[in-house]
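Please look over the model below. A walk through its main features follows.

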Amino acid sequence: MDQSPLEGQRFRRVYEDNVDAIRRYCYRRIPASEVDDATTEVFMVVWKRFDSVPDGENTLPWIFGVARNVIRNHDRSVRRRGRLTAKLGSLPTQTGPSAEVQVIRRIEDETMLDAVRSLKAADREILMLAAWEGLKPCEIAAALGIDPHAASMRL
C-alpha cells in the first residue's frame, strides 16, 4: 500500500499512541513469548486497512477490535496445533538407525553395489532378481527365458 508522507506520519502517530495499550491487551490474553508477534500483526492489519481507521477517540477501540480478531486467530491456531500434536503423539514412533549405523550401511551398500556393477549385465540381472526381487532359480529362468539349471549355475 503506497501512502503519502502525511499518511505515513499519521500511521506513526497512531502506532506510537496505541502500541502500549495493544501490547498490554495481548499480554493479558496470550503467552508473553507471543505478544510481540501478535502486536506486530495487529499493526500490520492497521497498516493494510489504514483508510478504515477512525480518527480521535474511536481509534483505539477500533484497533482493539483488530487485536481481538488477531487473538482469536491465535487461539484457533493454538487449538489446531494442540489437536495435531495429540494426533501425532498417538502415532507409533519409529526410531531409525543412528547416524553411525547409517554411514556404515552406506559404505557397505556402496561396496556391494560396486561389486554388482562389476558383473556382466546378464549375471547382474540374475543376482538382482534373486536378491532384490526374491525370485527362485526356476522363477528367474522363466523371467529371463533361460534354462532353470543355467539360472542356478549362474546364480
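This is a predicted model: local features need pLDDT of at least 70, side-chain atom pairs count only at pLDDT 80 or more; totals for chains, interfaces and linings use all residues.

Which residues does T39 touch, not counting residues up to four places away in sequence? The contacts of T39 are V19, I22, R23 and C26.

Start with T39 itself. T39 sits in helix α2, which covers residues 35–48. Is T39 buried or exposed? T39 has a relative accessible area of 2%. The cut-off for buried is under 20%, so T39 counts as buried. Helix α2 is also where confidence in the protein chain is highest, with a mean pLDDT of 96.

How does the rest of the chain score? The protein chain averages a pLDDT of 87. A score of at least 70 is reached by 97% of the residues. Confidence is lowest in helix α4, residues 99–117, where the mean is 81.

Now step back to the overall fold. The protein chain holds seven helices and zero strands. Read from the N terminus, the order of elements is α-α-α-α-α-α-α. The radius of gyration of the protein chain is 34 Å, whereas the globule rule gives 15 Å for 155 residues. The value is well over the rule, so the chain is more spread out than a compact globule. The C-alpha trace spans about 95 × 40 × 30 Å along its principal axes.

What about burial and contacts across the chain? Of the 155 residues in the protein chain, 22% are buried. T39, with its relative accessible area of 2%, is one of the buried residues. Take the contacts with a separation of 6 or more: 51% of them join residues 24 or more positions apart.

The accessible surface of the protein chain comes to about 11,200 Å². Carbon and sulfur atoms account for 54% of that area. The chain carries 24 positive and 23 negative charges.

Finish at A141. This residue lies in helix α6, which runs over residues 137–144. A141 has a relative accessible area of 2%, so A141 is buried. Which residues is A141 in contact with, leaving aside its neighbours within four places in sequence? They are I146, D147, P148 and A151. A141 and A151 are ten residues apart along the chain. Their C-alpha atoms are separated by 5.6 Å.

Key:
Residues are numbered from 1 along each chain as its sequence is written. Side-chain values use heavy atoms; hydrogens and water are left out. Helices (H or I, at least four residues) and strands (E, at least two) are DSSP runs, numbered from the N terminus. Buried means under 20% relative accessible area, exposed over 50%, partly exposed in between (1.4 Å probe, protein chains only). Contact means heavy atoms within 4.5 Å. pLDDT is the predictor's confidence in each residue, from 0 to 100. The radius of gyration is taken over C-alpha atoms; the globule rule is 2.2 Å times the number of residues to the power 0.38. Accessible areas come from the Shrake-Rupley method with a 1.4 Å probe; for residues, only the protein chains shown count as cover. Lys and Arg count as positive and Asp and Glu as negative; His and the chain ends are not counted. The place of a charge is taken as NZ of Lys, CZ of Arg, CG of Asp or CD of Glu.
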